[in-house]
Amino acid sequence: MTALATEPATRSRTTSPYRLTFGHLLRSEWIKLVSLRSTWWSLGVAAALSIAISMMIAGASSSFGPGFPAVSAVLSPTQFTMLVAGILGAIVITGEYSTGMIRSTLTAEPHRGAVVVAKAVVVSALMAVVTIATYAVSIVATAPLLSEGIDWSEPSQSIVPLAFGVLSMVAFTLIGLGFGFIVRNGAGAIATTVGVLFVLPIVVTMFTMAGEGWRWIVDLGQYLPMNAAASLTTPGGEDLVPAVLALAGWTLVPLLIGWGVLRTRDA
Amino acid sequence: MIVAEQLTKRFGDKTAVSEVSFTVQSGKVTGFLGPNGAGKSTTMRMIVGLDSPTAGSVTVNGTPYRQLRAPLAEVGVLLDAKAVHTGRSARNHLRAMAATHGIGRARVDEVIELTGIGSVADKRAGKFSLGMGQRLGIAAALLGDPHTLILDEPVNGLDPEGVRWVRQFVRHLAAEGRTVLLSSHLMSEMAQTADHVIVLGRGKVLADAELSALVRAWTSNTVLVRSPRLSELAAAVSGPDVTVTAAEPGMAEITGVSAASIGDLAASLGIPVHELTSRTGSLEDAYLALTGEAVEYKSKEIS
């Protein structure tokens, strides 16, 4: 009794059963993510594109000659679907800025770091699940078209590149999310994301023709997100550590900068 | 209770809020008044941690907002009706907001019912009218059954029924002992709703007083007199504190003396009086007198 009596008798603190927790925040971000049409449009486009291109590649694979790894038919579309993943990541946050929703989000959860982490976790989980489902459909759909099926007894020809494919799609999504937190503006964030994912690798390729003096740019280009993902998803690839680190860096650095921006700037 | 101490916010070299201190008491409706650009919204944004103060501090029930353990259960906020993703339905918006605090579906349905948006709850918020958006914002503010409510222009865009509902609702909340801070540009509405008024102008507190005391201090009672022998009457009432302003032939506005004294004086002198009307100042008069110098965006007088 005495312990109770010394508690300040503020009504809301003693009677409200509601608590802000990270678990609750994840649930909230999940509801937000799945209740927008743009999410399902992005995921639908990515899945359809991925499956269709897989089938095209599988259909043409007989003319590639022997030695074409069957799993590559499933993974090759990543160079296109990565853009959709990046854009989805970006609009998850820029949509909140353009509509003013961010003010509701930050009054409900004033710890801004938690907002960044919750959004990253939720969008990563959804992207991973959808990518796994897409791969499963692609594997089944391409099987009749391939002369040699996926060799499941050899992990480096099957499950390892597939797992890295899922990881890469998650990384591309988070790169978009990070740039979204930094730039805040939808068009700007999408342009930056597409620039890093798609345009920079092309620019780097041009330097291969520029002679030995520019060799270092080509070497650095190996650490761009798309190229790192390409080495990870190539069946039988060796020495994957630098590529994993590069992809992790591209994912974490924009998110950390984005968190810094969110923390210090007014919403 | 909301306590602001020396709260200051600068944007570049422009000072939006300058060393503002005030206390918003619980059990009362406190009106937040001031011209456009006076710093009301910025102050409200600092209370809920959206903007960081350049200097000073503000607490809600003794704690800075960002450190509250269950913000939505302590403070309900309506900063502007557009703090909603346009692509999400009202119900899903409320469900997402509620989920952050583990607030269940039953409460979401309750606030939808309470604010009268049931028929549009499953439509996308982007299709809402200003009034419906306003109701949705109020619904979100009520989710956690908070002890403190901060409402920026809650009646903006509402129909008369909605305006009256907000007035009765916030009066009811204050009567329950809750803290209500609301801003509005509708002076007549504020006069009927608020107990206490804080007036901001150019980022400073111009007044912080009970509504009735504020009106008394910043307006003077005028008496409208109509008489065929007005000049004689005017000469008779004249004194050091009395001003007589001729309004039209045979009519004048007199301040500084009560209607009763004028009537008695006229009777004793045998001067006929055709009209004798006492006028008390309104909140609007007090507000205009108070902010006259502090208006940043002044409209041109129509001549």
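Me: Which strand of chain B pairs with strand E4 (residues 55-60) of chain B, and in what sense?
Reply: This is a predicted model; local features need pLDDT of at least 70, side-chain atom pairs count only at pLDDT 80 or more, and totals for chains, interfaces and linings use all residues. Residues are numbered from 1 along each chain as its sequence is written, and chains are lettered from A and ligands numbered from 1 in the order in which they are written. Strands are DSSP runs (E, at least two residues; helices are H or I, at least four), numbered from the N terminus, and two strands pair if DSSP finds at least two bridges between them. Here 5 bridges join E4(B), in the antiparallel sense, to strand E1 (residues 2-11) of chain B.

Me: Which residue of E4(B) stands opposite Glu5(B)?
Reply: E1(B) and E4(B) pair over 5 bridges. Opposite Glu5(B) stands Ser57(B).

Me: In E2(B), what is the bridge partner of Ala4(B)?
Reply: E1(B) also pairs with strand E2 (residues 14-24) of chain B, antiparallel, over 7 bridges. Ala4(B) has as its partner in E2(B) Phe22(B).

Me: Which residue in the hairpin of E1(B) and E2(B) takes a positive phi?
Reply: The hairpin has 2 residues between the strands. A phi near 65° belongs to Gly12(B).

Me: What distance separates the centres of domain 1 and domain 2 of chain B?
Reply: An automatic or database assignment sets the domain bounds. Domain 1 spans 2-209 and domain 2 spans 220-279. Taken over C-alpha atoms, their centres are separated by 46 Å.

Me: How many residues does the contact take from chain B?
Reply: Residues are in contact if their C-beta atoms, placed from the backbone, lie within 7 Å. Chain A gives 31 residues. Chain B gives 38 residues.

Note on methods: Contact = placed C-beta atoms within 7 Å.
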